[in-house]
Amino acid sequence: MPSPLGPLDGRPFAAVVFDMDGTLIDSTAVVVRSWIRWAQEHDVDPRRLQGFHGVPAAAIVAELLPGSRHDDALRRITELELADTDGIEVLPGAAEALAALAPAHSAIATSCTAPLAAARIEASGLQAPEVLVTADDVERGKPHPDPFLLATRRLGVDPAQCLVVEDAPGGLAAARAAGCATLAVVTTTPREELVGAADAVVTDLSHVVFSRTGGGVLVSPA
């Protein structure tokens with residue numbers, strides 16, 4: 001029987017870079033609450049928010065509002081998201097994945113700002129790796145490759161030797177543009193939208209096991 005991980009199974013990687021929201025932690029309810037309230041306050045049809053999962057807030061605001069309103073609108077969504085961390089929790093398998101790769105073989109590349117990433121990590125209780133790339137660290141966020149290129153640079157590894165774990169098509173596009181292999185988790189996006197966009201797709205991180213060997217990091221079916 002073919003492995004559910006396809007070409008990823010048995011392939012050694014130098015490191016693994018994880019997205020955060022929807023991959024390591026469940027913040028979906030918080031994100032929806034904050035952005036729906038923001039949309040109502042700014043006379044934006046909430047349906048226009050669809051398709052932006054994993055995209056930095058600044059890019060979403062720029063897409064939905066005229067330039068004269070960007071600064072105030074960005075400050076407001078930042079306030080709303082920082083104030084709401086109720087119900088954020090670690091997703092299945094995430095803690096085990098990071099523990100298996102500690103201390104030098106993993107990183108997080110998130111579209112959150114640094115303060116928001118810190119707030120959500122604290123709220124979830126996640127033991128985050130030392131390398132954490134946020135929207136504040138790059139000029140261009142996902143779906144551009146910059147977050148993953150910076151994460152691999154900080155890890156000191158070749159992007160072509162890295163595996164990225166993502167839950168959103170935009171993040172997967174960014175990882176592919178960076179030259180990384182990709183593993184998708186079906187936590188926020190329907191499986192059919194991820195198949196073909198990633199090298200392999202699993203339900204969540206509890207369905208894989210990461211291990212460290214002399215040749216690097218291996219990922220196997222759980």
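**Cysteines, burial and overall form**

Modeller: Let me begin with Cys162, whose sulfur has its closest cysteine sulfur in Cys180 at 5.5 Å, which is too far for a bond. This is a predicted model, in which local features need pLDDT of at least 70 and side-chain atom pairs count only at pLDDT 80 or more, while totals for chains, interfaces and linings use all residues. Residues are numbered from 1 along each chain as its sequence is written, and side-chain values use heavy atoms, with hydrogens and water left out.

Colleague: What makes 5.5 Å too far for a bond between Cys162 and Cys180?

Modeller: A disulfide is a covalent bond between the sulfur atoms of two cysteines. The rule used here asks for a pair of cysteine sulfur atoms within 2.5 Å, and the 5.5 Å from Cys162 to Cys180 is therefore too far. For Cys112 the closest cysteine sulfur is also in Cys180, at 19 Å, so that pair is too far for a bond as well. By this rule the count comes to 0 disulfides.

Colleague: Why is Cys162 called buried?

Modeller: Buried means under 20% relative accessible area, exposed means over 50%, and partly exposed lies in between (1.4 Å probe, protein chains only). Cys162 has 0%, so it is buried, and Cys112 at 5% counts as buried too.

Colleague: Where is Thr134 found, and why is it called buried?

Modeller: Thr134 is found in the loop between strand E5 (131-133) and helix H6 (146-155), helices (H or I, at least four residues) and strands (E, at least two) being DSSP runs numbered from the N terminus. Its relative accessible area is 4%, and Thr134 is therefore buried. Leaving aside neighbours within four places in sequence, Thr134 is in contact (heavy atoms within 4.5 Å) with residues including Cys112 and Ala117.

Colleague: What makes Leu82 partly exposed?

Modeller: Leu82, in helix H3 (residues 70-83), has a relative accessible area of 36%, so it is partly exposed. Leu82 touches Pro115, Leu116 and Ala119, not counting residues up to four places away in sequence.

Colleague: How do you know that the chain agrees with a compact globule?

Modeller: The radius of gyration is taken over C-alpha atoms, and the globule rule is 2.2 Å times the number of residues to the power 0.38. With 222 residues the rule gives a value near 17 Å, and the chain has 17 Å, so the two agree. Buried residues make up 48% of the 222 residues.
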